[in-house]
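Please consider the chain shown below, together with its coordinates. The paragraphs after it lead from the overall form to individual residues.

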Amino acid sequence: MFRDLLRLVPFVRKYKGRLLGGIVLFFIARLFEAAVPLCLMVGINRLTRGESDLLWPILGIVGAVVARFLIVSWARIAVRRAGFLVQYDLRHAFYKQLQRMGPTFYRQYAIGDLMTRAVADIQLIRRLIGNGTTMVVIFCFATLIGFTCMVFLSPALTLFVLPPLPILLFYTWRTSLRLGVASRQVQERLSALGSHVQENLSGIRTVQAMALERQELDRFDVRNQDYTDAFYSHARIHSIMHSVMPTLAAASAIAILGYGGYSVLQGSLSIGAFTAFFFYVNMIVQPFRVAGMIISMLQRAAVASRRLFAVFDAEPEIEDQASPWAPELIRGNVEFRQLTFAYEDASKRALNNINLSIRRGDVITFMGRIGSGKTTLLKQVVRLLDTPRDSVFIDEFDVRDYPLNRLRSQVAYVPQDTFLFGEPLRSNISYDQPRRNIDQVWLAAEAASLSESIEEMAFKMETVVGERGVTLSGGQKQRATLARGLIRNAPVLILDDCFSSVDTETEEQILSSLSTMRANKTTLLVSHRVSTARHSDRIVILEDGQIAETGTHEQLLSLNGIYAELERIQREGSDEPIGSAAATVTAS
């Protein structure tokens, strides 16, 4: 447990001044708390002697109570402020780490699970620092100062407090182990519940379209019940501990009452000292009432810390080890040299010995059947996959030598999976530079043949599209994503099957705009339509991760191969299945 919590030290050290200041203030507050029974002892002893001068004891009690109230307030503010600041830093570091991770990581961790770690787990750590630190400090200082004062008043009577302590420590140790297991189950099942809800709501339209609401509710009930059972088990252990701790501590009070009363009757202990002694016993017992809560908080924070650092310890798939010789500006020459690539745990290579040279200003269309390697090939250019060294070059420099930020800011990649944020259209199109002039946004929308659709919307560019663009049609989402890529005017533009939801006429308009906007700039695109490919400077046909054919539209037709067969099928509008290796050509 403590090994996991110690990993939080670098985050806490930044605010050690606040924490240490709060701890010192709590110590001073305990001293004022300990002064109250002493003042009470003086007042009671004066009353038993028949004296009426109680002014100073009363002023002492009032002064100590007021001072304790003010100091504890300042101390709590300082410590809890530190807890919130650590929470902020942890979330910032966690989110920053997520930005660096690649597809393998996100296959391992569900989005709902990561959200639970970012919110609930960090919240547990904040509670430990902001509230748990306060409890632990009060527990330690109250016990130390209380025992010191008890020994000062009556060493013999203090011995009656000690016998239950070994039992208390053993019980605490055994219960903390059970709480650790229960805490881990609570957090894991909360993550599973969060992942289920996130996945279900992301696909809510599919659920509703298939009338599977009842089935999804049943699945949710199973996850919800698992989490409830785990939380109940944890709460039961915590509740029993919360009851046992003060019970064991109170056993000492019974012995103290018997022996202390006897000492008062014998005259070896004054009534005032006996009364003050009981106050100090309560000063010690009171923290034990929350000892179970402290241990539970420590265990849950330790589990949360372990889950957080599992993410922090994950190594990014793409190493950003730039060379100082890489140019600041990319011109647009791209070259593949014997590129071979295989996915982890894959039975065969996704790309095999790809050799291709692309000059600045070229428009290259990649075609091939599903799984032929088109998307994998284009992701190598922008290093969305771990590109092998000496395989992909831009302007004669290995893509691995470019800083990732520089590479991806000058190579615009528009993926086939359209994604829009739940923001206005203007913000989505101008995502990389939100302060762009509105005229630039409209130009990009017009180039993507989206401007007419926007004009028909009630709020034009300020129309909020909903999460993942839920309020737009498939074609509108695809064109909005395309506009987001075009507005960057990057030296290299990669369009990964961005016309699949667009009709042929609209596609022709977009291609016409592209030829004007992208003059002297490199454009690489994936398509399954011959009508798109025929306008390219060159067409590359991939088959099983290798280049099967390459050339212009006319050259490939003359080969009478895969491309020629596809052109015939699309030209004739044939319904015959395209299942053969020579004919099945779609986007992947």
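The account below begins with the whole chain and then turns to particular helices, contacts and pairs.

This is a predicted model, in which local features need pLDDT of at least 70 and side-chain atom pairs count only at pLDDT 80 or more, whereas totals for chains, interfaces and linings use all residues. Residues are numbered from 1 along each chain as its sequence is written, and side-chain values use heavy atoms, with hydrogens and water left out.

The chain contains 22 helices and 10 strands; these elements are DSSP runs numbered from the N terminus, helices being H or I with at least four residues and strands being E with at least two. Its radius of gyration is 35 Å, well over the 25 Å that the globule rule gives for 588 residues, so the chain is more spread out than a compact globule. Here the radius is taken over C-alpha atoms, and the globule rule is 2.2 Å times the number of residues to the power 0.38. Along the principal axes, the C-alpha atoms fill a box of roughly 120 × 50 × 45 Å.

Of the 588 residues, 47% are buried. A residue counts as buried under 20% relative accessible area, as exposed over 50%, and as partly exposed in between, with a 1.4 Å probe and protein chains only. The accessible surface of the chain comes to about 29,700 Å², and 58% of that belongs to carbon and sulfur atoms; such areas come from the Shrake-Rupley method with a 1.4 Å probe, and for residues only the protein chains shown count as cover. Among contacts with a separation of 6 or more, 75% join residues 24 or more positions apart, a contact being heavy atoms within 4.5 Å.

Ala444 belongs to helix 16 (residues 438-447) and is buried, at a relative accessible area of 3%. Leaving aside residues up to four places away in sequence, Ala444 touches Ile429, Ala483, Leu486 and Ile487. In helix 22 (residues 562-572), the buried residues are Ile562, Tyr563, Ala564, Leu566, Glu567 and Ile569. These buried residues pack against strand 3 (363-368), helix 20 (530-533), strand 9 (538-543), strand 10 (546-551) and helix 21 (553-559).

How many salt bridges does a search of the whole structure find? The search finds 21, each being a side-chain nitrogen of Lys or Arg within 4 Å of a carboxyl oxygen of Asp or Glu. One of them joins Arg307 to Asp121, with the closest N and O atoms 2.6 Å apart. This pair links distant parts of the chain, since Arg307 is in helix 12 (residues 291-312) and Asp121 in helix 6 (residues 111-153), 186 residues apart. Both partners are buried: Arg307 has a relative accessible area of 8%, and Asp121 one of 0%. Asp113, Arg117, Asp121 and Arg307 are linked in a network of salt bridges.

Another salt bridge pairs Arg214 with Asp218 at 3.2 Å between the closest N and O atoms. These residues are 4 residues apart in helix 10 (residues 213-266), so about one helical turn separates them. Arg214 is exposed at 52% relative accessible area, whereas Asp218 is partly exposed at 39%.

A further salt bridge joins the side chains of Asp386 and Arg400 (3.1 Å, N to O). Asp386 lies in the loop between helix 13 (374-382) and strand 4 (392-394), and Arg400 in the loop between strand 5 (397-398) and helix 14 (404-410), so the pair ties together parts 14 residues apart in sequence. Asp386 is partly exposed at 36% relative accessibility, while Arg400 is buried at 16%.
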